[in-house]
Amino acid sequence: MAFVDTFDFEILKNESEKLVVEELGRQLDVRKGPICRCETCVVDMAAMALNAVKPLYRVSLLGTQYAAQAMSESSYAKSLKDSVTKAIDRVRKNPAHD
């Protein structure tokens, strides 16, 4: 039996994914100008932002509270917002398609 079959890794979640997707949605809602919102570009934006922020992994619901607390800290919130902004700008300038 393979190692990954022995344990339930489905319970391992990165809360920063949810936070990045929510922030990405907020920023795209208010952004003006030409920004591609196709699935490829939006997922690229999310991936770039996630690569730049500190991950917030959890294995229980208590971990969700930890993530909420981290988000309330101004330094993490600013980092997340800045990372999303930079990702949107980068993909806008260089979309993955013609």
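Predicted model: local features only at pLDDT ≥ 70, side-chain atom pairs only at ≥ 80, totals over all residues.
Good morning. Setting aside neighbours within four places in sequence, M48 is in contact with A87, R90 and V91, contact meaning heavy atoms within 4.5 Å. Residues are numbered from 1 along each chain as its sequence is written, and side-chain values use heavy atoms, with hydrogens and water left out.

To return to M48, this residue has its place in helix α3. Helices (H or I, at least four residues) and strands (E, at least two) are DSSP runs, numbered from the N terminus. The C-alpha atoms of M48 and R90 are 8.9 Å apart, although 42 residues separate the two along the chain. M48 is partly exposed, with a relative accessible area of 31%; buried means under 20%, exposed over 50%, and partly exposed in between, with a 1.4 Å probe and protein chains only.

The protein chain has five helices and two strands, in the order α-β-α-α-β-α-α from the N terminus. Of its 98 residues, 30% are buried.

Which residues touch the most other members of the largest nonpolar core? They are V20, L24, M45 and I88, in a core of 19 residues. Helices α2, α3 (39-52), α4 (61-72) and α5 (74-93) each supply at least two of its residues, and α5 gives the most, with six. Such a core is a set of buried Ala, Val, Leu, Ile, Met, Phe, Trp, Tyr and Cys residues joined through side-chain atoms within 4.5 Å. Apart from neighbours within four places in sequence, I88 is in contact with L24, Q27, L28, R31, I35 and M45.

Next, consider E23 in helix α2 (residues 15-30). Is E23 buried or exposed? E23 is buried, with a relative accessible area of 5%. Not counting residues up to four places away in sequence, E23 touches L80, K81 and V84.

Finally, I turn to V4, in helix α1 (residues 3-6). V4 is exposed, its relative accessible area being 54%. In soluble globular proteins, nonpolar side chains tend to be buried together. The contrast here is between buried E23, at 5%, and exposed V4, at 54%. Thank you.
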